[in-house]
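Please examine the sequence and the structure shown here before reading on.

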Amino acid sequence: MKTKMYKIAGVVLALLLVFSMASAFFPANDAQAQPGTTSNAWQATTLWSTPTGKILTGADIPDIAVGSDGASVYAIDNASVAAGTIWDSDTSGYRWTNRTNPTGFTGPPRIIRVAPDDPDVIVVVDTSLATAAFAAGTPYLSNNRGVTWSALTRVTGTAVAQVMDLTIGPLRAGTILGRDFAVAVSDATTLAATGGDVLFAGLTTAWVSISGVLGITNTIDFTSVATSPGFLGDRTFAAIGSSLVAGAGGTADAGAAGDTFLYLFRISDVAPFAT
């Protein structure tokens, strides 16, 4: 009986040794790792040129976008060539493909975004110059990871306005563009707020301003805009803007100079109207 107990104990110890050695080679799932551990640490990745596979040196990456599948990653590079480049990875950043810039594109690219429901659908904003009628930036849409592109209507604005952010909504029936889009526009001049706005498109191809509806025409610089996680149900955008002008918030608490505001606005299903 004693001999059998020794044998069982020996087997248990052997199994414990095997499991302890295996844990060194197969770390725990990152989702269960505690903050500050190696599993949650940032890791560097590199852009690869094609077809030689050499590491792209001297890149300047101002923006990236990650698809809902977790494997699709997009990046824009403003330094390697004058026109800028658009990169696509379907391997979580392990390998990259250089996509052709859209026809009529004014490089370098400024912003890139991916649809929340389709990792193949992306929008990139170029650096076309602002004029008296248009903000600096034209969005281009691709439904096939940047293989082909179509230009959206150029963003309206002023000669001192530029597109700071863009968001793209999920596929939605009843929209001319198939989806809803919104852009945050800011004044490009220092210490001024005369060209800011949030504009949306989708029900029509034209960009529709919300500044007049909110009573904040040319008083707020908007830097960020996003679609609600439940956009198909609530049709809501969120935007962040700030002003150097006291009392320019367009709310009951209009705010002091330099205050920042979070705006929530909803688009109608039957007309391009913001509330």
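The following paragraphs treat confidence, then a sheet, then the nonpolar cores.

This is a predicted model, in which local features need pLDDT of at least 70, side-chain atom pairs count only at pLDDT 80 or more, and totals for chains, interfaces and linings use all residues. Residues are numbered from 1 along each chain as its sequence is written, and side-chain values use heavy atoms, with hydrogens and water left out. The pLDDT, the predictor's confidence in each residue from 0 to 100, averages 78 over the chain, and 70% of the residues score at least 70. Over residues 2-36 pLDDT stays under 50, and the model has 7 contacts there beyond four places in sequence; a contact means heavy atoms within 4.5 Å.

Strands are DSSP runs (E, at least two residues) numbered from the N terminus, and two of them pair if DSSP finds at least two bridges between them.

A nonpolar core is a set of buried (under 20% relative accessible area, 1.4 Å probe, protein chains only) Ala, Val, Leu, Ile, Met, Phe, Trp, Tyr and Cys residues joined through side-chain atoms within 4.5 Å. The largest has 19 residues, and Leu 141, Val 155 and Trp 207 are among those with the most contacts inside it. Strand β9 (161-168) is one of the elements giving two or more residues to this core, and β9 gives the most, with 4 residues.

Methods. Buried < 20%, exposed > 50% of the residue type's maximum accessible area, 1.4 Å probe, protein only.
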